[in-house]
Amino acid sequence: MSKSVAKIKNIKLINIRQILKYKHMKKTKILVTGGTGYIGSHTVVELQNKGFEVVIVDNLSNSHIEVLDGITEITGIRPTFEQFDLCDSEKTKNFFTKHNDIDAIIHFAAFKAVGESVEKPLMYYRNNLDSLINILENIQLSGIKGLVFSSSCTVYGQPDELPVTEIAPIQKAMSPYGNTKQIAEEIITDFINVNPNSKAIALRYFNPIGAHKSAKIGELPIGVPNNLVPFITQTAIGLREQLSVFGNDYNTVDGTCIRDYINVVDLAKAHVVAVERIIENKTKFNFEVFNLGTGNGSSVFEIINSFEKATNQKLNYKVVARRAGDIEKVFADTRFANEELGWKAEISLDETLLSAWNWEKYYRAKKSLLNKE
Ligand code: UD1
């Protein structure tokens, strides 16, 4: 072989090595739908902290674009953002053509207000199911490794046995919202059955609360909050006059309902573990389901007491009639998630409630500053 041929071969080899090195360096790219929402934004932070590249799709129907600033301030990285409605199949298809290097998807984007879903059932079925079907169609077309789906403990209804395990029977949904979660899990099951190269994990959340410890992102309900903790923090800051405790005549320790409240950052971290499990081919079944909770049940009064203790605030509340559709008690059996995912909720209830309060204060202060400008 002449010297010049050897030289050319050498250059080619170096180039190939460089390309391989570059390929190796390409970050794993995750699509986070609903990434400017409450759980979505906290998950984007944890993904970016672990070196994933994130692209967010959100139509901002229930979130604010400023959330991207909070994510950027915490992580130093501004995620790619595309604003459109995933129910639009043409736009969804175009998105996947443009971003043809997505490795996996975490799908949060959905409506989630129980009461509203009773009022507007078709809006809920259309929004929560059309978007899922569009995403699955594109998974099929583009060879994406899989999907982590945002599900809820609402699928269990009032379970016969507590703590509730993943094999507890699914009960008839109490609301169209709950039904969309059940139907979505069924759609994913049927899809995975005929697309075994794709994997899916449904994460059934108990009650996510709290905010990032930096207070730069948190829960931001539009209008009057339906959920307990945002209502508490808005009452404490003076936006609401009084918290109504819905019933104190349940068969529980102090008569108020019991839930399993989990810190949103702990919850976000579980999503990172789940998506890694899919990418690293560690799933044991093509479709897996995990409960995400702490395993501890807390009553509404316990939450109020813990909030008052952690924040040094006195909360104005009164007991009123039961809320229709409320379940008496539910809390998770977390053993499967703990053992199989190697993940555990770690942040205490006091710390979590303090983080919710710090976020409320930070957000209101920022808002009043902006209004003055
Ligand atoms: C509900 C849904 C759940 C959904 C979640 C997120 C049901 C059974 N569960 O959870 O599927 O994923 O919202 O939106 O519908 N409470 C008060 N006063 C208030 C607000 C709440 O006392 O102003 C009490 C409730 O009665 C309940 C507890 O606080 O006992 C938690 O309520 P909430 O935060 O609304 O969550 P869930 O109803 O458990």
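Reply: A polar contact is a pair of N or O atoms within 3.5 Å; within protein, one must be able to donate a hydrogen and the other to accept it, and residues adjacent in sequence count only if both atoms are side-chain atoms. The model is predicted, so local features need pLDDT of at least 70 and side-chain atom pairs count only at pLDDT 80 or more, while totals for chains, interfaces and linings use all residues. Residues are numbered from 1 along each chain as its sequence is written, and side-chain values use heavy atoms, with hydrogens and water left out.

Side chains also take part. An N or O atom in the side chain of Arg-259 is 2.5 Å from an oxygen atom of the ligand, and for the side chain of Asn-227 the corresponding distance to a ligand oxygen is 3.1 Å. The ligand taken alone exposes 740 Å², of which the protein buries 90% (accessible areas come from the Shrake-Rupley method with a 1.4 Å probe; for residues, only the protein chains shown count as cover).

In total, 20 residues surround the ligand, a residue being near a molecule if one of its heavy atoms lies within 4 Å of it. The closest are Leu-228, Ser-244, Arg-259, Arg-323 and Asp-326. Strand β8 (residues 243–246) supplies the largest share of this shell, four residues; helices (H or I, at least four residues) and strands (E, at least two) are DSSP runs, numbered from the N terminus. By class, the shell has ten nonpolar, six polar and four charged residues. Here Ala, Val, Leu, Ile, Met, Phe, Trp, Tyr, Cys and Pro count as nonpolar, Asp, Glu, Lys and Arg as charged, and the others, Gly among them, as polar.

The peptide bond from Leu-162 to Pro-163 is cis, with omega near -5 degrees, and Pro-163 is found in the loop between β5 (146–152) and α7 (176–194). Ala-215, in the loop between β7 (207–209) and α8 (228–236), has phi near 65 degrees, a positive value in a residue other than glycine.
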